[in-house]
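I set out to record, entry by entry, what I looked up in this structure.

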Amino acid sequence: MMPEFTTVAKVSDIPDGEARAFPVNGRMIAVFHTGGEFTAINDSCPHMGASLAGGFIEDRTVTCPWHAWRFCVQEGTWKDNPKAELKTDCYEVRIDGENVQICVPEDVSVEADE
Ligand code: FES
């Protein structure tokens with residue numbers, strides 16, 4: 001089944017250098033705007049669940065507001081320890097005119113089996 005894109009915001013809703021969190025298919029997704037580029041990762045920090053959309057963003061890296069773990073806003077990788085397997089989910093983003101759309105698969109359990 002083709003995954004579907006959901007419109008979550010207008011391009012102008014997310015200023016450059018900032019992020020916003022949106023609920024899609026039962027999950028909170030953080031959408032980041034870095035230099036004209038929009039990317040999306042799971043909003044919930046894999047450490048203790050802080051909202052990563054509220055973190056400090058620099059050089060395509062977001063620093064968690066609670067304990068300063070750092071994640072790549074493009075790939076969800078944990079920057080503090082690149083050798084660790086720890087990684088948060090990232091999602092496809094596309095811009096359709098004024099709309100920011102993200103693709104969040106509905107069935108998580110299928111994904112987890114991979
Ligand atoms: S909750 Fe994000 S670093 Fe602790």
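I took strands as DSSP runs of E with at least two residues and helices as DSSP runs of H or I with at least four, both numbered from the N terminus. I noted that β3 covers residues 27-34 and β4 residues 37-42. The two run antiparallel and are joined by 6 bridges; I found I29 opposite N42 in β4. Strands count as paired here if DSSP finds at least two bridges between them.

Entry 2, provenance. I noted that this is a predicted model, in which local features need pLDDT of at least 70 and side-chain atom pairs count only at pLDDT 80 or more, while totals for chains, interfaces and linings use all residues. Residues are numbered from 1 along each chain as its sequence is written.

In which order do the strands of the open sheet lie? I read the order of its 6 strands as β1-β9-β8-β4-β3-β2, with antiparallel pairing. β1 (5-10) and β2 (19-24) stand at the edges with a single partner strand each, so one side of each has no neighbour in the sheet. The twist averages 30 degrees from one strand to the next, with axes as lines fitted to C-alpha atoms and angles running from 0 to 180 degrees between N-to-C directions.

I found 5 bridges joining β1 to β9 (residues 99-103), and the two run antiparallel. K10 stands opposite N99 in β9.

I listed 1 helix and 9 strands in the protein chain, following the pattern β-β-β-β-β-β-β-β-β-α along the sequence. The C-alpha trace spans about 35 × 35 × 20 Å along its principal axes. Of the 114 residues, 29% count as buried, that is, with 20 or more other C-beta atoms, placed from the backbone, within 10 Å of their own.

Methods. A residue is buried if 20 or more other C-beta atoms lie within 10 Å of its own, exposed if 12 or fewer, and partly exposed in between; C-beta atoms are placed from the backbone.
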